[in-house]
Structures are given as structure tokens and as C-alpha cells.
Amino acid sequence: MLKKFRIPKIPSILLCLAAPAVGFFLLETLTHSVAEDMELPLIVLNLIFYYLLYGLILAVSKRSSVSLGLGSFLVMVIGLIDYYVIQFRSVPLYPWDILSVKTAMSVSDNYSYSLDKEAIMIVAAFVLLILIGSRTSWKLPFRNRQYHLLSVLSAVLLFVLYGTAVQMPEVHTAVGFYEYHFTPNAFYQMNGFAVSFISNMQYLDVSKPADYSAAKVEEILEPYIESGEKEGESARYPNIIVIMNEAFSDPAVLGEFETNMDYMPFIRGMTENTVKGRLMVSVKGGNTANSEYEFLTGNSMAFLPSGSVPYQQYIRGEMPTVASQLKNLGYETFSIHPYRASGWNREKVYEYFGFDTSYFKESFAGAPILREYTTDLATYQKVVDIYTSKAPGQPMFVFDVTMQNHSSYSKEYENFKPDVEVLGSNGNAKLLERYLSLIKVSDEAFEQLVGYFSQADEPTIILMFGDHQPADWVVSPIYRMNGIEDTNSWSESMERYEVPFVIWANYDIDEEAVIGEISYDFSEENILSVNYLNTLLFEAAELPMSPFQKYMKSIIKDYPVLTANMFLDNEGSYFGVNMSQSLPEQLKDYAILNYNHLFDAKHRNDAWYISPEMP
């Protein structure tokens, strides 16, 4: 009966006029309230996209049933993808996420794809819209192929003009565009999905900074390039172990809450030969590879498009990093990641970065797992194996990217029984409790690693830091318990990008001297962004630095935090990241160095980014 039913022509035309607006409203309502978040000019600007989308399908197919059915289906799918991306990593869908599909699929079976009641109702409305649209009967009266082709080309041209207009600053000003990328959810909610997504497409290519040239790079680094005899040569070349611990953070920075036990007792208690502090990263809930990129290169995501992933978008060949720098100093270099080599293109990137040997999931067959992931302790055993297998006195650099604490935290497992309880949560903090229980296991594993190397004969220095905090839905109970409603405010946004770091050595290090290199007035605690962390590590290890690292030492006291979301100066003053804003001269120079390091291999002198060879 339904197959034979067709909606008459006039109602079909009316539905063609209404469906794009309904599709827009349903897609946006999956993640926020249109009425509360969007102003009329931006609503109109987004609506144009949906009318163009449905119109293009209509021009190609000439049938309203195809236009409304297929158009509504596509809008529903896009809306659901954005909905789940926000659920899983707490930030919306970006154009370059298309490059991350393979990585996302590799962990997709570990997430829960349930919908809340409101989302179920919206999906049901989409399905109804698709069914009704597919029964419409209006057809475009184009029998002449030339007219049909002209209509398709016209629709495509309008799409191109629309995309160009959405990226123009004049249009942004006219519609009251929300410019601040450091709160990506607010960016998408206030500007609308279509306008936000298309606006971000302009950042797929990165333009040269103003006044960029290879000569300018050399001019910036010239004061830090030594001539004649080498300075600052170390008496020892300690083994260096760096652990970037998956989703390792202390949620207590978000607000007060009590637990039945300390979930990080060992790290909190570390004092001897230890440097600890607060680390600001550029991501939360996901995009681990960006924290890797910032640590290994010393570059900042601040000068790249919001939401981009250099591992997948920009790195296409060899470039100098901490790994190649230590290799130049005589180190053997190893990377460890107990998951798939294809994730974030690591297999190729680690080779480009100068790692001699990389261990991925295949190297951990039969290793202990917690939930569905290889444990931190299993990767630390691999570190120990590398240490015991190498030639005595041969320094090693091991970069270990763990996997144990990876989301999601919604499932129950026979091999994991959470033991940390959040007091006063009335049973409404199950995900947070599971997360904190995993952090406790990480703390225990780190204690064992430190315990082993405290007895080792060779000097060894260990750095551990978190790549990002978990997604919003894990830590939301902390906000509720503290009566915090506006989590898009600057203070809450800043705290969501903070993770701990700890540097420990099995020999005497001058903690005060190391800390003195990054001291400033606005905080009693050490706070810096991850792009400075390898410089701090070299300072602690007393290793010769590259000209680039010496430059980094010169700017950290003025700008200790430079991330994709925020800059902080030495007085604690915040100024947001906006790629069109006027930067201080120091940061203009830093942007130039970043561009040369990442994009301009032809005019890059690797000696600018690598320490002198071991004598």
C-alpha cells in the first residue's frame, strides 16, 4: 500500500520548501538548543546550506522523492556522526576527521552507541521525514539534457560561492560569527554545524607566516647557534624513558570531590630527585597524536588549524625530533605503543621521526590486559627488556605511548573491578569511578617501574605525562557536585586541558636549578605547555640542547603556555588563540620556526633542531 501511495504535486512542493529547514533543526537539536544558542543571521546562513544540499540532489535526480529522501538521510547520518564524535571525545566533527576514519574504526567496538531519549525522538523524526519525503511526487520538468546539465552546474556553482562566502571575514562580521576556537563546542553550537564545518575547511592548508623566509629562521636562531668549541657537554648520557600515559590526569583540578582512597598516592608522594608540575595540552578526550607531536617536535598546535592532526595531514617525510636528536647524540631510539601500528599513521611517522625500533600490538601477544587493552605494566616490562638487552653503557631513549586507560568507561569487564568510589555521588559517578580506578592502576605500575630503575646501575631519567583528560561525560559529576553549570566558561575550559607531569631520576638532580629555568611569578606550581616539555627534560638530564631548544628556553619565562586553545603570559594573563590576531613579536618568531620545522624541508637546516653529535 505504501509503495503505491504518492503525495500530490502541490503538497510535494511545499514539503520541498519545508524539509531542509526541518533537517537543519533536527541535526542541530541532536547536540544543543537552536533557540538558546543561535542568532537569526547564523540560522539563516546555515539554512542556505541545507537548501543548497537538497536543491543539488533535486537538480541531479529531478525527483523530489530522491531529494527529500536521500537529503534527509544524509543530514541524519552527518548529525549522528557529529553526535557520537562529541560523546566520545567531547569536541565536534572537523573536516580533517575524515583522515582519521581508519584510526577511529580501530577502537570503535569499545564504545557504547546508545542514544538518550531526546536523541531517539530526533532520529525517529528523521526517519519519518525520510519516509514522507520519499513518497512525494514532484518532478522537475527538464526533458532537455542541456537544461538538466545547466541546473546541476548552477547548483554546484552556488555551493562553491556559498562555501567561499562562509569563509570570508566580512560575512563573519555581518552575521555575528563566534570566532573563538578554544571552546569548540560553543563554536559549533553558536555558528551551527554547517557553517562551522565549512569555515574550518579553509584551514586544510596552512599559509606561511608573515615575513617568513629561511633567512629569517636563521636570523631568529643565530644567537643560539654556537661557534667554535661545543658548550654544555654532559658528563653523563643517562638512559631516557618517556611515558605518555593514555588519558592520565587528575580530575581534582576541575573541582572538589572525595574518594574512598587516594587514586594517585605514589606520584603525589614523589619528592626526591623529582620535578613535578602542571602540563597544559591542546586536546581533551582524544586526538592523542597531537600531544605526541608537540612533545617530540617542540612545536605548538597553536599555529595549526583547530582540530587538525599533523601526523595524518602534514608529516610526509623525515623531520628532526627528540628521537633523531638523541640518536645524533649516540642513543638507540625505541618507540612503544601496544596497539595497532596504523593508528594516527604512527608506523610511518615514527620512522620519519628517527626511531630505530618500534613495538606495536604484535609485540605484546599474550601480554596482560585490563578491560580490552594492554596494561601499562606490560609496556614497562618491555622497557625493562630493552634495557637488559642493550649493550652496557649504550644510552637508550624509549618513548612509550600507553593504551590501558583508553575510553570508553561505560562497559563492565570480568577482569576489571573498580575499587575507587566517589563519595557523595549517590551512584551517579560510575564512569568517573572506573576512570579513577584505572588511574590508580597506572600509579601502581609507575611505582614498579621507578622501583626497578632505582636499583639499576646505569643513570636513568624517567618522564611521565598524560596526553589529555577524559571526555566531558566522564568528569561531568565533578561539575554537578560543585554546582558548576557553565562549563564553556574560560576557567572551566582551561582546567579541562591540564594534566600532570613528573620527571624522576635514579641519581641526584638539582631540582631547583631545573625549576629555575621555567620560573615565573603567577603560580607557586610549575605550569607549562607540552611543547616545552622536551626542553625541560634535556635541562634535567643536562644534555646539550639544539639551537631551537635554547630558543624555547628564552621564551618560556614570558609565555609558559602556548596551546591550540590558549596562550598564558608570565603574569597569568590569558589571550585566546585566533589565527588572524596580531601576535607578540616573540610568538611571531616562534610561528616562523614552527612553519620551517614542519612544512619547509627544502629550506630547513636540521642542525637548527638537533643537538651537536656526542663527542
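Reply: Buried here means under 20% relative accessible area, exposed over 50%, and partly exposed in between (1.4 Å probe, protein chains only). Strands (E, at least two residues) and helices (H or I, at least four) are DSSP runs, numbered from the N terminus. The model is predicted, so local features need pLDDT of at least 70 and side-chain atom pairs count only at pLDDT 80 or more, while totals for chains, interfaces and linings use all residues. Residues are numbered from 1 along each chain as its sequence is written, and side-chain values use heavy atoms, with hydrogens and water left out.

The sheet is open and has eight strands with mixed pairing, in the order S5-S4-S8-S1-S10-S11-S3-S12; two strands pair if DSSP finds at least two bridges between them. Strands S5 (357-359) and S12 (527-529) stand at the edges with a single partner strand each, so one side of each is left without a neighbour in the sheet.

Strand S11 (498-505) runs antiparallel to S3, to which seven bridges join it, and antiparallel to S10, with five bridges. Val502 of S11 stands opposite Lys276 and also opposite Met464. In a regular strand the side chains alternate between the two faces of the sheet. Both faces of S11 are covered: Glu498, Pro500, Val502 and Trp504 are buried on one side, and Val499, Phe501, Ile503 and Ala505 on the other. Eight of the eight residues of S11 are thus buried.

Elsewhere in the sheet, S1 (residues 239-245) and S8 (residues 396-401) run parallel, joined by five bridges, and Ile240 stands opposite Phe397 in S8.

Definitions and conventions: Contact means heavy atoms within 4.5 Å. Axes are lines fitted to C-alpha atoms, for helices over the stretch in contact, and angles run from 0 to 180 degrees between N-to-C directions.
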